[in-house]
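Subject: Structure for you to look at

Hello,

Here is the structure I promised to pass on. Please open it next to this message; my notes follow below.

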Amino acid sequence: MTQPEPVPFSGVPADIAPVRLPRSGLVFERRARRFVDLASGHSAGDWLTALGHLCEAQALAVGSVVPRSPSGGVRPLYPETWRNEADWVPALQTILESVKGISLPQPAREAIASLEKSRPETVVAFGQCILGRDGAPPAAAAAPFVAAALQACWTMAAGKLDTPTLVVDGSDCPVCGFPPIAGCIGGDDKVRYLCCSLCASEWHLPRVQCGMCRSAARLSYLQIEGDPKGIKAETCDSCRTYLKLFYKEALPAAEPEADDAASLALDLLVAEKGLSKAGSNLLVTPMW
Ligand SMILES: [Zn+2]
Ligand SMILES: [Zn+2]
């Protein structure tokens, strides 16, 4: 169903931070709790619970990551210039060890066994495929584990940057260049931040404009009738993309990655209209 977007809050404070960097350990602990909360009573509860455990493993893994210095340039953690296999491959081992004892779908268990047997160069190539966003990874069921290690490493490094050096000048993350998972609208100030799918950094984007092409001309807002209030897809007919939005006023505990995974029905609704998702959720795979 299509609804008009509420009138933008007119009193946006002048001191809005353009970028909010992640607190790495807390990101994954909070994400894990949110996955577990959302799993209760959800038709895909087992899957959401499994993703919650994967986030717990990420919280463990960030403790072992000592990120190397960022590269120079506008996007200091841009994957093509900030190479760090020496960090994320060990983080992957920590994650695999941690999740082996939990209940996972069969394809996921097979993917863990396969990753553990893989040669290091194969694992690195897998990670580069995800980082390069150049097509589907070679084994979809293994992708969430590799992506989890990449997220742990990039989030840890992002949390150590200085915000004054970062520039919000496009549709992608000012830290690493990845697209957003989703946007969150603050409960009190109604300010919108988009959340990076790789490094969990957040950047400010004024409301009622497309996150991709910045046009406000052909926006619509879709939501599923009967779904919890506070979840909408902002669709843009100018560039034919959409971005999911979570409104903290209605969903104070909303967390972009977990709430995105728990609201895939909205993605299906928008996909029927032929629009592409602006970003991606690296933990979501059709394989498990
Ligand atoms: Zn990022
Ligand atoms: Zn657009």
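The 4 donor atoms around the zinc ion (ligand 2) are arranged tetrahedrally, because the angles they subtend run from 104 to 116 degrees. The ideal angle for four tetrahedral donors is 109.5 degrees. Bear in mind that this is a predicted model.

The donors are the SG atoms of Cys-210, Cys-213, Cys-236 and Cys-239, at 2.3 Å from the zinc ion (ligand 2). Their spacing in sequence reads C-x2-C-x22-C-x2-C. Cys-210 sits in the loop between β5 (202-204) and β6 (219-222), and Cys-236 belongs to strand β7 (residues 231-236), so this pair ties together parts that are 26 residues apart in sequence. Cys-210 and Cys-236 are both buried.

Those two cysteines turn up again in the cavity search. Over the whole structure, 1 cavity of 30 Å³ or more was found. The largest cavity holds about 40 Å³ of space. Cys-210 and Cys-236 both line it, along with Gly-211, Met-212, Glu-234, Thr-241, Tyr-242, Leu-243 and Ala-278. Which elements each supply at least two residues of this lining? They are β7 and β8 (241-247). The largest share, 3 residues, comes from β8. By class, the lining of the largest cavity has 6 nonpolar, 2 polar and 1 charged residues.

Next, the largest pocket. Its volume is about 540 Å³. The lining takes in 22 residues; Pro-137, Ser-280, Asn-281, Leu-282 and Val-284 lie nearest the centre of the pocket. With 3 residues, α6 contributes the largest share. The lining of the largest pocket divides into 13 nonpolar, 5 polar and 4 charged residues.

Helix α2 (residues 45-62) has 18 residues. From its first C-alpha to its last, α2 reaches 26 Å, close to the 26 Å expected at 1.5 Å a residue. Is α2 enclosed or open to the outside? Of its 18 residues, 13 are buried, so α2 is largely enclosed by the rest of the structure.

Best wishes

Terms used: Residues numbered from 1 in each chain as written. Chains lettered and ligands numbered in written order. Predicted model: local features only at pLDDT ≥ 70, side-chain atom pairs only at ≥ 80, totals over all residues. Heavy atoms only, no water. Donors = N, O, S within 2.8 Å, 3.2 Å for Na, K, Ca; no water. Tetrahedral: all angles 85-135°; square planar, octahedral: opposite > 155°, others 65-115°. Helix = DSSP H or I, 4+ residues; strand = E, 2+ residues; numbered from the N terminus. Buried < 20%, exposed > 50% of the residue type's maximum accessible area, 1.4 Å probe, protein only. 1 Å grid on protein atoms, 1.4 Å probe; cavity = no way out; pocket = protein on both sides within 12 Å on 5 of 7 lines; lining within 4 Å. Points joined across faces, edges and corners; volume = space filled by probe spheres on them. Nonpolar A, V, L, I, M, F, W, Y, C, P; charged D, E, K, R; others polar. Expected span 1.5 Å × (residues − 1).
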